[in-house]
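Subject: Structure handover

Dear colleague,

I am passing on the structure we spoke about, and below it I set out what was found in it. Please read the notes with the model open beside you.

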Amino acid sequence: MTSFDTSPTLTVWRALLAVAVVFVMLATTGWSAVRDQQAKGARELALAAWARDRIAGHALPEVDAPAYRLAHFFATLTSGQRFALAGKYPSVVGNLDGAPVTLRYHANRVALRQAAAVEKVRAHDEKLSPDGRDEARARLDRFRSLLRGERQILAFDPSGKGRAAEVFGDLDRAARVSVVVPGVDTHLLTLERSKRKYAAPVGMAQSLYGAERSASPGTRTAVIAWADYTAPAGLGMDAALGGLAADGAVRLNAMVGALPGTSKVSLFCHSYGSVVCGVAAHRAPDRVADIAVAGSPGMRAAHAGQLETGARIWATRDGDDWIGDVPHMEFGGIGHGADPVDPAFGARIVSAAGAAGHSGYFEPGTESLDNFAAIGVGAYGSVSCASADSACHSGISGERNG
C-alpha cells in the first residue's frame, strides 16, 4: 500500500505545481530568478574550480584566507601568472580582498564584459516578459557605463540586484582614503544617476574626491564608492532592523583592512549606511581615523562611547531632512538607537548649510561636502561646526595626517 506522501497522484500534482510556480515567477520577474540562479551557479562553479586548481605546482589559497596571506600569495606570482588567474577566474579575483587592486580592476573589467554579453542576449530574448527585457537593457547600459574609459572597479557581483565598488584616485599611493557608504535601495541600477547625480554612490564619491583635491592639493587621496553590500529595499522592515547592517559591517571592515599601504581611512556614511558604520565601528581596523554620518537614523548605539572605537565620530543633518522626523530609538531590535546629531550622543556635530533634503549632503557648494573633504584630508581646523556644537574641534584643531 502506498502512503499519501509518496503516491503517484501527489507526485504528479507536486510536479505540476512546481511548473506553475516557475511560470508565474518567470512571467512576473522576467526570468530574473533564473538569471540569478545562473549567476550564482556560475560563481559557485568558479569557486569550486579555484579550490581544485594549481599554479606553478602550488594549490591556490582559500578565498576566505586572511588578506595578508592572499597578498603574499599574489606577490609570489609573476605578472603573467597573476593576469592568467584574473582572466580564468574574474569573478573570484575581482572580489578578493588582498589581491592587488590593479589586478582586481582588470578582473572586474573581464567580469563586466561577460555580464554585458549575458544581458545583451536577454535584452532580445522573446521568452522574457517586456519588463524582463527592459531590466536586461538597463543592466546592459549600466555594465557598459562601468566599462567606459579607465574606471577602477574594485568589486563587482551581478547576481541578485548586484553589488559594486569604484575607486577614484590612486589607492596604492594614497595617504588618505575616504569610503562612501550609501543607504537603502543601493544596487547596480542605482549606483550612478544622470539626474540628481550626487544622490547616488558614484556621484557622492566623485564629488568628495574633487572637494578633497581642492581642499588639499598636496595630499594624496583616494575615494571609494562602496556599494558592495546588500542594502534594504525601500523603507520596509529590513531598513528598521540591523541584520543587513551586520552583514555589511563585516564586508566593510574586511575591505578596509585589506587596503594597500598604511593610509588613514575616513568613513562617510549616509542614511542606512550610518547603521552599517555604527555596527562596524567596534571592530573597525585601527587605520579608521574618522566616521562621519549624514542623515542618520542612528548607529545602533545610545551614545558615541558605545561604538567602542578610537575613531572620531562626526555627524550632520540639514534642516529639511525627513530623517529628523523618524523616532530615534531601539526596542526589541527595531530601530537604530539615539540620534547622532543630538548633543547628548557625543558626536562632533558639523554644519550642513546649503544641503537640501535627505540626499543633498554631497552637492558641490554645500558646507556638508566641504566639511567631509576637510575631514577626509585631515584638515580638521577647516571644519565648520554646527551652531549647536562649537566644540567639535576639541582636541584636534588644525591637525593633519598624511
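Contact, as the word is used below, means heavy atoms within 4.5 Å. Please also keep in mind that this is a predicted model.

In that sense of contact, S207, L208, A211, E212 and A215 in helix α8 meet L369, F372, A373, G376 and V377 in helix α12. By class, the residues of this contact are seven nonpolar, two polar and one charged. Helix α8 covers residues 201-215 and helix α12 residues 367-377, and their axes come within 8 Å of each other, crossing at roughly 65 degrees. Because angles of 65 to 115 degrees count as roughly perpendicular, α8 is described as roughly perpendicular to α12. The crossing of these two helices, α8 and α12, is right-handed.

The segment that follows α12 contains G378, and this glycine counts as buried because its relative accessibility is 0%, where buried means under 20%. Although G378 and D290 lie 88 residues apart along the chain, their C-alpha atoms are separated by 9.2 Å.

The crossing of α4 and α6 is right-handed. On the α4 side the contact is made by R82, F83, A86 and G87, and on the α6 side by L103, H106, A107 and V110; these residues divide into five nonpolar, two polar and one charged.

Helix α7, which runs over residues 130-147, has 18 residues and reaches 26 Å from its first C-alpha to its last, close to the 26 Å expected at 1.5 Å a residue. Its buried residues are G132, R133, A136, R139, L140, R142, F143, S145, L146 and L147, so that arginines R133, R139 and R142 are listed as buried under the cut-off of 20% relative accessible area. Just after α7, G149 takes a positive phi of about 60 degrees.

For the chain as a whole, the secondary structure comes to 12 helices and 10 strands, and 51% of the 402 residues count as buried. Among contacts between residues at least 6 apart in sequence, 67% join residues at least 24 apart.

Note on methods:
Residues numbered from 1 in each chain as written. Predicted model: local features only at pLDDT ≥ 70, side-chain atom pairs only at ≥ 80, totals over all residues. Heavy atoms only, no water. Axes fitted to C-alpha atoms, helices over the stretch in contact; angles between N-to-C directions. Helix = DSSP H or I, 4+ residues; strand = E, 2+ residues; numbered from the N terminus. Parallel < 35°, antiparallel > 145°, perpendicular 65-115°, else oblique. Left-handed = near helix turned anticlockwise from the far one by under 90°. Nonpolar A, V, L, I, M, F, W, Y, C, P; charged D, E, K, R; others polar. Expected span 1.5 Å × (residues − 1). Buried < 20%, exposed > 50% of the residue type's maximum accessible area, 1.4 Å probe, protein only.
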